[in-house]
Amino acid sequence: MDYSLVIAAAQAAGPCPVGEEPAWGRRVHALTVDLHLVAQQAAQDIARLEQASRFVAFLEKVEIEATSRRGLLTLRNPSGDVEHIRTEQQETDRGRDLIERARALTGRWVLVYRYNDKASATKSVRMLAHLMDLGDGAIAVNLAKKIVLDDAGGAVPRAQAVWAEAGLPDGGAVSVDQLQQVRAKLQGE
């Protein structure tokens, strides 16, 4: 038996008050069991992260799917392709935590940890294991133009007009704020 959890639980319970040994012992026991369960969950999460594929993407949007109550993240990889990844259900602690984290990182570059979860015998779903903030930084002009073109419903003249009106460059990079202003203008039309 590994007594390190019992020692940690005893330290968390604090000193045993004189005459309250049975109650203190029950508290240490309960804390030991809780720590064991936490350790098991952490081991599962670490294994999932170690097996997850990792990639860098720009986190565009976080929504909640009406049917499954899962978070649905819209990500853009540096080449401009869109990928959708789901979280666990919003009602679970893990799902709620990932959704809140993703919402806080919207409009930023993130390192995405993704795994595939079997939805049925023939279908798997891309699931989010973790997100790491890489900062807001800059977005390459080609990627930014692709995002604007998608927002314009594929209408090249409309996307070009909004881009030019904003005075954005034809090469290099733009800030996330500049891109968001162009996108907001498109959505406001």
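Which exposed residues does the face of α3 turned away from its buried side carry? In this predicted model, that face holds Asp93 and Ala104.

Helix α3 covers residues 93–104, 12 residues in total. At 1.5 Å a residue the helix should span 16 Å, and the 17 Å between its end C-alpha atoms agrees with this. The buried residues of α3 are Gly95, Leu98, Ile99 and Ala102. They lie on the same side of the helix because the arc they cover around the axis is only 100°. These buried residues pack against four strands: β1 (53–64), β2 (70–76), β3 (82–89) and β5 (124–135).

Strand β2 pairs with β1 in the antiparallel sense, over 6 bridges. Within this pairing, Leu75 of β2 is the bridge partner of Leu59. The two strands form a hairpin with 5 residues between them, and in the turn Arg69 has a positive phi of about 65°.

Strand β2 also pairs with β3, again antiparallel and over 6 bridges. The hairpin of β2 and β3 has 5 residues between the strands, and Gly80 takes a positive phi near 100° in it.

Notes: Residues numbered from 1 in each chain as written. Predicted model: local features only at pLDDT ≥ 70, side-chain atom pairs only at ≥ 80, totals over all residues. Heavy atoms only, no water. Expected span 1.5 Å × (residues − 1). Buried < 20%, exposed > 50% of the residue type's maximum accessible area, 1.4 Å probe, protein only. Arc of directions from axis to C-beta. Contact = heavy atoms within 4.5 Å. Pairing = 2+ DSSP bridges.
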